[in-house]
Structures are given as structure tokens and as C-alpha cells.
Amino acid sequence: MAETQGKFDFAIDRGGTFTDVFARLPDGSERVLKLLSRDPQNYKDAPTEGIRRVLEEETGRMFPREQPVDTSLIGWIRMGTTVATNALLEREGERTALMVTQGFKDLLHIGTQARPKLFDLEVAVPDVLYEEVIEVAERVVLVQDGCQLPRKDPKRIVTGSTGDSLEVWRELDLDLVEKDLKGVLSRGITSLAVLLLHSYTWSDHEKAVGALALRLGFSQVSLSSHVMPMVRAVPRGYTVCADAYLTPKIHQYLKGFTSGFKGGLKDVDVLFMQSDGGLTPMDQFCGSRAVLSGPAGGVVGYAITSYNQMEKKPVIGFDMGGTSTDVSRYAGQYEHVFEATTAGVTLQAPQLDINTVAAGGGSRLFFRSGMFVVGPESAGAHPGPACYRKELTYYFCLLMSSSLPHSAALSVTDANLALGRLLPSFFPKIFGPGENEALSSEETMKHFHRLSKEINLFLSSKQSQVSTNGANGSGSEMSVEEVAMGFIRVANEAMCRPIRALTQAKGHDTSQHVLACFGGAGGQHACAIARALGMKTVFIHKYSGVLSAYGLALADVVEEEQEPCSLQYEQQAFRDVNRRVEQLSERCRETLCARGFSRSAHTLQGDQSCAAGDFRSAFTKRYLKEFGFTIPDRPIMVDDIRVRGCGKSGIKSVYKTKTGRGQAKPVTMTKCYFEEGYLDTGVYLWEELPSGHSIKGPAIIIDKNSTILVEPCCEARLTAGGDVCMTVGSDPHCALGTELNTVQLSIFSHRFMSIAEQMGRVLQRTSISTNIKERLDFSCAVFGPDGGLVSNAPHIPVHLGAMQETVQFQIRSLGNTLKEGDVILSNHPCAGGSHLPDLTVITPVFRKGVSSPVFFVASRGHHADIGGITPGSMPPHSTSLQQEGAVFISFKLVTGGVFQEEAVTEALMAPAQYPESSGTRNLHDNLSDLRAQVAANRRGSQLVGELIDSYGLAVVQAYMGYIQSNAELAVRDMLRDFARRRRQETGSLDVEAEDFMDDGTAIRLRVQINETEGSAVFDFTGTGTEVWGNCNAPRAITLSALIYCLRCMGCLAPIKVVIPPGSILQPSQNAAVVGGNVLTSQRVVDVIFRAFEVCAASQGCMNNISFGSESILEKRYPVILEHFSLRPGSGGAGKYCGGDGVVRKLLFRNQVVLSVLTERRSTRPADGRVLNLGGKTSVSLQPGDMFCLYTPGGGGYGREGDTNGKPQTKRRRLNDSFPERGSVFEYRMAQEGV
């Protein structure tokens, strides 16, 4: 299909800033072209202009811009475009209405209720994509065996596509629907998204609505059952809204594009790249599958050109541009995710797992409180880095791939320029106000001299004395080159973190990969990043500057068919599964045949029958690889059936580079700065290099789209295809002393954080319980030899301070009795515990020749049950600690390397000795998760051990101390700044606040700030006494709340804390505390923030009644979700209104015991037969009873009179923050949202 004799073929990637064109000419030769995506003074459409230029230049004929392009010479056109992505980012899609089941109008506004960006106080509401909501009176529910609901009349029973039976509780009234739809049309809205509950399996109601809407005149109707028939209503709803919102914009663009050609491209094969890496015909290109259309081409490009089918060595794709870097992986198959968030919208559709991080050539450079910081802010393209001379210039953007800022600033690009790694003489003179000057090394060096002066002033001041001996490095000042090199090293380490996370999260060894580098800025960092990750090979394709376009030419046409399933994988289900697989496979074959592919020219993935393919073995093998264990006795459920058909249509390049004899000669010599200082560096032009020759570093290879740095101890070789393959040598070890080096401080900070993140990934992979594996309710951290926190991944806030308290308690309690091979288990509040279900596993790490632990690693995970008076170990009415489950103070979980299963089992069953209590109700999961925590600690020990092997114990311990001390510098700066502003405004340095629990217990705080020292005393004297109940918060909880608040305000310590013993914030040893962890902790945070006047109060409660989404909830539990919406007006008043609470109504189908553990319910409504359960209770419910949960709203901020008209609600400004994406980002957001 791809071979078109005697014609021009085009593959075009239309990006946000530039459009890349790859053209295959009639004689088989190739050329590339790059032009601005928007240049309205010269042309209407960049892809059309690119095609016109190639045709005109190659044929010698005139193709006037004002006339449609003659298509007689065009074979095919393939395109990738960011049109959908940009419309989503800018919220410039089609006006859309959402039709949803009655009672769920706010479902997508509420979303998953995740709280990303834990330490960002400006929590803004993401904008929804729809303009209006229509609630439709219809409802179907899943049939449940044993349902005891009284039946007043028989319901219609239907069978869904999954095989599930459903009851139609409320039939669809199309007359009412028609009336509502006509009203929407009358207001000019012509795009409709339809989301009805359980439509993933039974879609008749959605289809009826869709047919009616089309008949009435809607131009776009998207049905969730058609766009993505998968369980879980919220992501399915986001996806169908995105489809309705974006597809008309895509059609609008396609209409404009085709109008630039004679006959509207009717006789030309035009294909578009989808987010999953496959091409689709232009008329099938839709919004929900278009968001990654642009970057997907790059993944296909490096996958096909870099992966060796014989060696089968996996490849990491590294696409570094100006604002961001895309990281992905290929190991013979494309790695897909089926749910990912882009621009605040979660899409449930097959997408390549492309991880975008805020690090690029334009990332800005900062020096903050003794730390070198790179990004996430970007200098962009206009006015861009300092070397741009404050004007947007086409050719430099072409070479460096940058995008849009507010003022010129030092960036990674400037650092490379300062080190001699970018050569102004090889750039056109199109910079400066008149766009006629060279790239400005002078401007860059001027900014670096200023920054270096600031850094050296800091290092020589008293503020730099953060170590115990007051050392600040060698005592000499840092040169401009040392500063620039420091920022490059920090930037490289920042880009290594997502690569480690992407590979190690799935059990892969990062070092056993090839680094495939493309994008304008990546070549300058490739060797350093590969070396840091232990990789030995870097591959840079000859079209690396336009690889996304080239990838389109190599890609295949893809057709996917998918449907949900609800069968257990077992012998009796094979016949049904096989039948459905064959039906989907045949649909794929028919579609591909209709598109011109013979049956021999396409392949299918997922088309094997249960007899031909042992899915159980394949699933078990994959599960073991990714999670490290299997669960032989657990059933395997078939959740979805998916078949992917590929029509082979990619071209085969015939390009060969020239060959030559002798050594390649540099066109000039320059001096580049490396760790060793300035070194003579040869400069080579890529296009003049013969194949087969090697170039030893240091060297620079330049082409018109990129600059490649070959570092010392590395060697570059040009392949027969004209690509650069670099062998990366080991870095000569540079001894590092124990004195403070500010660059190394930033690098060690990244490394320690990465270790904590990798510990978390191991724990998630090897755990077995839903709480840890799926809900990610755990934290991992590294601690110094004194038990002080060194680093923790952004996990659970309430664990932040409590884990440090736990480790330090064990040091005080066990002292010299700790031996190598010991692992400690603890959860008692007196030992730094938060509440009993949070089990902390602590591993002391020893080194040969050192008698005491050299550092500690720890992991804390929430276990679903550890015994006590109620299932779940969260009793609402507990009055003593023993009622809440098993207790561990300093329990040796592992002794001499042996897991103490018998002893820990006995301890977990011990609560049964107390009246009305039980031992753990899920021993198997407890033991499995404890082993997973031990494994996570072992991984942390191993990684820190590797650091010690590289740098020495003294150096690693010194930097553990420096990182802790640096946090102290940050807090002192914050407190001094706050004290200065407070004194100017009020004349006083004391602040205070109070709040009250529902039972009237006071939480009082007074803060006394010492402006000179930058220190503070947080005094909770006056706080109420310990309560007869479980809202007592252990001291560790109060410290965690305090540390969380201080970190939100920019710091961690130093502070002195005064908490009266016997108070609700420091109760006696046997006080019940389960509510203190989830309720009182929230109120402490509110009080601290109120004292500092930084934000309004939260709803002050975790509302401890939790279920999954609509479909999962009604499938797993004997309940029906009747209503789920916002409580309008429940947020506090003010200039900025507080967020509204929600209403959730649950109808119970069987008898259950319901436990409620909540706060801020002190005002109780009373209305006839409605029973107020109060905030904390346990009650038996009968079939037909309905539980209504009304959650509190958040506090308002500012005075109501400070705003004109209606109070404001903050919305997420997507363009003010970097749009990260990918599985690494999704994992972090999921963990922060716990």
C-alpha cells in the first residue's frame, strides 16, 4: 500500500511551533523540510505549504500559493498533528452539552476527587469540557444474586455485552429527551456527549438518544458506549466529552487542509496518526484518539530505526525539546496505557506510554537557599534564553526547539553555550532586535557572571555554614564555567529520574537499554544521561531533528476492536471468549481489507483462541515479571477483549551515506568545558562524515537540526545508513570530599529522592492488598544515621513527620542491640505511629567495619485489617487502643535475615483476647504486604549502598546531613520573610488561631517567631484534654501536620513544638487514636494555616465512607448509587468561595453494618422520618434503607466585599503549569491523590 511508483509521498508532523516534512521523491530519494506552523503573512496552512514547496523545487514547475495544489503527482500523505492537544490545552474546542443519568449531573466535575500536587495550596478546579448538562430520567442496575430489595413491580431484564444481566429500573422517555435536546440546540450548541450508567455493557438507551440527536440536527454526537465501552463511568465520561469537544475541531481543520488541494484530496490516500501509534484514514480520525498524534510519530520512528530484531535490546526514546522532554520505551512491542491524563482530562483510550517531563533546553536556572534548581519554569521561545537577545528568532528555535516565556532568563541552553558546547558561528545571524546579529555568548556570560556572584556571595556568607564544621567546599569561589557545569549536571539528573521510574517500575534494568536520542536539544546531553544510567550505547538517527515526521512514513495502518467482558478465565468460559475474539478479529480483517490491504498484508494481535494461546501462562509470566510474585489460588477475570489489526504500510528507506577512507577531519577546533576543565574539541559536520569512521570524544557533530556532543571517554561512529551510534565509556572517577559542594548537594538530593521513589515502586509491585497495590496508601523514605529524614517520595502527608519519629524511637529504644539482618516492625502511637493500621517496617543498614547502622530505610503501609472490634480496624466508637487492632512497639520482624512468620502471626491474632475484638481478618494479605515492605527496604538499602560504593561512606553520610541542614536554611528564610511582613503590617511577631472539634474540644496554637534567627516556637498550650473516643491524635500526627504546612509554605524545619501532655494532641499511651489520624490531623492543619493566614480552612474531615466508581461499586457491593452531586452553596463565603461539598445517596440491597467516622457534623438537621446518624456511628441497615452522606464544604477566603458581583471560584489555569503526562506522572498523581 505504501509503494507509489513515480509519485511524491509526504509524511508531515504539524507541531505547535514547527511543522516537519519528510518527502520521498519519485526516484526513491528523500528530503526533509522544516517550517513554522503558523506564518499567516506567507501561507494559510503549513503542511500544504510544505508539500507545495517540495513539489515546486523538485519539479521546477510553479505551484502558486493562491491556487489549490495539483494532486496528480502525490501518492500519499500521512500526518500527525497537535490540533487536538492544543484545543484541549487552550480549551478551544466545540461548544458541547453532556447528557447523563439523572442524579449524576456533577459526576465529571467531581471526578475522582484526587488531590494532586500535595504541597500546592492553590488547589484550582479543572474546567470541564461541556457547557451544559442534561439529566435524563433513566436507570439500569446490575442484577445481583441474593438481592433482598422488596419488589413493587417486575422490572425488564436485559443482557449486556459482557454477559451480565441488568434490570431496567427506569425506562427512557424520548419525548422528554427531545424537549431538552431542542432547548440545547436553540442555544447554539450542536455537539453532544452522552454518558449513561452501565452503558459500557448495555447501550440501548444511549443509542436511542444518539439517533434522536442526529435526527434533530446535532452535528456531532458521541456515545460513551461507542467511543470507549469500558467499565468506570468517570474516565469513560471524560473520554466521550473529549471526543465531542475535539472531533468537530479536527473536522474543521481537515476541511481547511483538504481545501488547499484540487479535488479536496479525493484521489489521494490520506492517513492520520492516532495516539496509539497507528495510522487511520482521515474520515476516521477523532478527538479521543488524537491527543498524542504528534509525539506518537517519534515513538514509531525510534522504535523501528533503533531496535535491533536480532539483539532484541530494549530502547529508551529520549526526545528533548525546548520546554519539555518525552521519554518512552520500546522492546519489540509498543507499550500502551489505556487511561492517561492530558491537560487535566483523563482519557480512556489506547495511547502510547509517552512520559512528558518539565525539562528541556529552555528550562530556567535558579539558585535557591543553597541549591542549584533547574525548571520546571521555561524560558520558552520568545523572548527565550538570554542568548536569544530577547527576540524570537526562527532559525535558533529551529535548532533548539524552544517555546513561549515572559522575559529572557538563563536556561539550560545558555549553560551549554557558556561551556562552549553550542557554537554561535554555526548559527545564522538572525538574533537581536534587528534579527541580524549572532547568537549572544556575551549576553549569556553577563547573566552567568551575575548569578555566579550571587552564588559565591552565598557560599561566603554565614548562611552557607550548614555543616557542623562550617565547611563550604574548598573555600575557593566557583567560576562561571563551574556554575554552568553544575546546572547541566543537575538538569541531567532531573531527566534521569523519569527514565529510572519508567523502566524499574516494571522490573526492567535501566542499564540494559539503548538510548535513542532525538529532538533539537537531546544530543548535547545524551552521553551524560546514558552514563548516569549505566547505558553503553546512544543511537541518533540521521533524521533525529524530524523523527516524528519520519516515523509517520514508517508506521502501519491500525484498526482496533474492543469490548468489555465479565468472565472468569476458566475452561467453561473458553468457548464464549473464543467466539468473541473471532468476531472482533473478523471485524478488523474486514475493515483492513476495505482499506486496500490483502489478508496476507496485515497482522492481528490478540486474535488467538484460548486453545491456541495459553493466556493464563502468559498472564502469570507477565504478572511475575512486573510484580515479583504470583497468586496461584486467585481467579483471573477477563475484563476486556481487544484485537489490534495492523496493515503493513511503512516504507523502507534506501538511503546510504557516502563511504570514505582515512580519518574523518574536523572543520575546525574549539575548546569545550568538561569536568577536567577546557579541552580541545573537534567540530564535524554530520553531512560530510563518511560511514564506518569513528570519532573519539571530546567532539561536536553538527547538522542543520541539532548539535551532538561526544563527551570524553565516548566514541561516535557513522553507520551505513548515515546515523550516529555512540559508545559511552565510564566516567573517570573524580574524588569527592566530605566538604559541602552546592552542585553535588542538588545532585544528591535528586538521587536520594529517586531512591525513595524506587522503593515505593518495589512496594507497589510486590504487595498484594488493594490498599497498597491499587490505592497506593503507603510511604517510603531514607533516613540518616541519626534517624533524621533525608528524602521521601511525595507519598502520604500524615506519614511525613511520623516516620522520622518512629525511626528515632527505635534508635533510642533498641540502641546497640540492632544487628545486621534485623528488620523492625512498629505501629504504636508512643513510637511515632499514626494509627494502628499503618504498619512501619524499618531496616537498619550496616557497612563492614562500622558497628552501628550507617543509615536507615523505612516503609509505612496501610493494612486493610489488623484486628479489633470492627472489620477494617477503623472503629467509630473505640475508646482504647486495644480495640483498634494489633499493637507493635519494637517488634523484630526479621532476625538475622529470617522472616519471623510464626511470631508476627501470633501478634496479629492477639487482639482476639480482648472482649468483642478479633484478630486480623486477612492474615494472608498482612504477611504478603509485610514481605513487600521488607523487599522495598532491601531495594533502598541496595541503592544507597551503590551510592556508598561510588562516593564512600563518609561522603554519603555528609550529604545526608547537608540535605537536612539545607531544609533548615529554607525554613529560616521563610520565617524571616514572614516575620518582616508581619512586623510591617501589625507590629507583632506572634500569631495565633484556634478551632473546635464537633464535641467542643479546642485546638489552640500560638506561634512566636524570632526574626533574627529565623526560628519559631509552635505552642499548642490551651488545647483540650484527651477525649473519651478515638479523635486523639498522637504527637507524631501533630508533627506531621506541622511539617506538611511548613513544606506547603516552602520549608520543613527548624521549629520548637510545645504540646501539653494529656491533651488531644498528645494523649496517654493507651488512648484510642484511629480518628485522630484521619480527622483531628485535618483540623490541626486548618489551625496552622489560619495562624499564618495563607489559605482558608478545608472541609476538615476525610469522610470515612469510601467506595469505588459507579460501575465497580454496584458490581462488587450490595448497593445502588442513587445520587452523586455537588451541594451548591455549601462552600464558605468570601472573595473566593470555598469548594462545595457533595451529596452521595446509597440504596442498600442487603442487610449490612455501616460505620461512619466523620467530623464537622455538629449542626444536625431534623426532618420527620429522616434519621441523623451523627458524625461517628455504627448502624445496622436493612434492604431498601438509603444512606445519605452530605460532606462539608471548604472555607472561603477574603472578605465578601472585596469582590464585585458574584464571588469567584478558582479554576485551573492549564497554561500556567506544565502539562506533564505518561504512566510515571499518572502513578505520582495517584499516590498524591490518596
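How many aromatic pairs does the count come to? The count comes to 22 aromatic pairs. The model behind these close-ups is predicted.

**View 1. Phe-748 and Tyr-951 form a tilted aromatic pair.** The ring centres lie 5.0 Å apart. The planes meet at 55 degrees, so the pair is tilted rather than stacked or edge-to-face, classes that need under 30 or over 60 degrees. Distant parts of the chain are linked here. Phe-748 belongs to helix α17 (residues 742-766), and Tyr-951 belongs to helix α21 (residues 923-951). The two residues are 203 residues apart. Phe-748 is buried, because its relative accessible area of 1% falls under 20%. Tyr-951 has a relative accessible area of 26%, so Tyr-951 counts as partly exposed. Phe-748 and Tyr-951 also sit in one aromatic cluster with Phe-752, Tyr-959 and Tyr-962.

**View 2. Phe-888 and Phe-891 form an edge-to-face aromatic pair.** Centre to centre, the rings of Phe-888 and Phe-891 are 5.4 Å apart. The angle between their planes is 75 degrees. Phe-888 and Phe-891 are both buried.

**View 3. Helix α7 covers residues 233-258 and bends at Leu-246.** Helix α7 has 26 residues. At 1.5 Å a residue, α7 should therefore span 38 Å. The C-alpha atoms at its ends are 36 Å apart, which agrees. The bend at Leu-246 is about 30 degrees. A proline, Pro-248, follows within four residues. Helix α7 is mostly covered, with 21 of its 26 residues buried.

**View 4. Strands β46, β47 and β50 make an open antiparallel sheet.** The 3 strands run in the order β46-β47-β50. The edge strands are β46 (1119-1126) and β50 (1186-1190). Each edge strand pairs on one side only. From one strand to the next, the twist averages 10 degrees. Strand β47 (residues 1142-1148) pairs with β50 over 5 bridges, in the antiparallel sense. Arg-1144 stands opposite Leu-1189 in β50.

**View 5. Two arginines lie over aromatic faces.** Which ring does Arg-1144 lie over? Arg-1144 lies over the face of Phe-1124, at 4.4 Å from the ring centre. Arg-78 lies over the face of Trp-76. For Arg-78, the distance from the ring centre is 4.4 Å.

Definitions and conventions
Residues are numbered from 1 along each chain as its sequence is written. This is a predicted model: local features need pLDDT of at least 70, side-chain atom pairs count only at pLDDT 80 or more; totals for chains, interfaces and linings use all residues. Side-chain values use heavy atoms; hydrogens and water are left out. The expected span of a helix is 1.5 Å times one less than its number of residues. The bend at a residue is the angle between axes fitted to the seven residues ending there and the seven starting there. Buried means under 20% relative accessible area, exposed over 50%, partly exposed in between (1.4 Å probe, protein chains only). Rings of Phe, Tyr and Trp (its six-membered ring) pair if their centres lie within 6.5 Å; planes under 30 degrees apart count as stacked, over 60 as edge-to-face and the rest as tilted. A charge sits over a ring if NZ of Lys or CZ of Arg is within 6 Å of the ring centre and within 35 degrees of the ring normal. Two strands pair if DSSP finds at least two bridges between them. Axes are lines fitted to C-alpha atoms, for helices over the stretch in contact, and angles run from 0 to 180 degrees between N-to-C directions.
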